[in-house]
Amino acid sequence: MRAKITYFITAAVLVFYFVLVGSRGLMLIRHGTLLTVTFGVAVLILPVIGIWFLWKNTQFVRRANALAAELDAEGGLPVDDLARTPSGRIDRDAADAVFTKRREETEYAPDDWRAWFRLAVAYQDARDTPRARKAMQRAIALRGTSPSGV
């Protein structure tokens, strides 16, 4: 729940920033000289890219959460029972052991979105966020193409 609140607060701050920057861009365009119009258009590009990025990330999170809910309803959600350091971080050796198991599951069933979801969680536990994101995107794509979820 805490992560969700943080996400919404950050998104609200970004939207406020996009509106502020966009209004400045429009002011520059309204000024009417070649230089200010050029700068105004350049300034307007930033909020457009930012809104697109925020939208894509929001969609990704929603789809990943939907997969998590479905997997949880089936009883297949990975259990977080990994050993942790005194600071609360997941122990690297424990994460690597689980990762090896999840990678083998995914190699055995490369078209199973559930295996890719669990692999994404294992990547995240191993602190490999870029690969975790790619694995989750693969799970989302596979779930979207399989009507029965199998």
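Predicted model: local features only at pLDDT ≥ 70, side-chain atom pairs only at ≥ 80, totals over all residues.

User: Why are α2 and α4 called roughly perpendicular?

Analyst: The axes of helix α2 (residues 34-74) and helix α4 (residues 113-125) cross at roughly 110 degrees and come within 11 Å. Axes are lines fitted to C-alpha atoms, for helices over the stretch in contact, and angles run from 0 to 180 degrees between N-to-C directions. Angles under 35 degrees count as roughly parallel, over 145 as roughly antiparallel, 65 to 115 as roughly perpendicular and the rest as oblique. Therefore α2 and α4 are roughly perpendicular to each other.

User: Which residues make that contact?

Analyst: On α2 they are A64, L67, A68, E70, L71 and E74, and on α4 they are W113, R114, F117 and R118; contact means heavy atoms within 4.5 Å. By class, the contact of α2 with α4 has six nonpolar, no polar and four charged residues. Ala, Val, Leu, Ile, Met, Phe, Trp, Tyr, Cys and Pro count as nonpolar, Asp, Glu, Lys and Arg as charged, and the others, Gly among them, as polar.

User: What makes α3 roughly antiparallel to α4?

Analyst: The angle between α3 and α4 is about 155 degrees, with the axes 9 Å apart. That angle makes α3 roughly antiparallel to α4. Residues A95, F99, R102, R103, E105 and T106 in α3 meet A115, W116, R118, L119, A122, Y123 and D125 in α4. By class, this contact of α3 with α4 has seven nonpolar, one polar and five charged residues.

User: Why is N57 called buried?

Analyst: N57 has a relative accessible area of 16%. Buried means under 20% relative accessible area, exposed over 50%, partly exposed in between (1.4 Å probe, protein chains only). N57 is therefore buried. The residue N57 is in helix α2, and N57 touches Y7 and R133, not counting residues up to four places away in sequence.

User: Where does D112 lie, and what is D112 in contact with?

Analyst: D112 lies in the loop between α3 (92-108) and α4. Leaving aside neighbours within four places in sequence, D112 is in contact with R118 and L142. The side chain of D112 also reaches the backbone nitrogen of R114 at 3.1 Å.

Conventions:
Residues numbered from 1 in each chain as written. Heavy atoms only, no water. Helix = DSSP H or I, 4+ residues; strand = E, 2+ residues; numbered from the N terminus. Polar contact = N/O pair within 3.5 Å; in protein donor to acceptor, adjacent residues only side chain to side chain.
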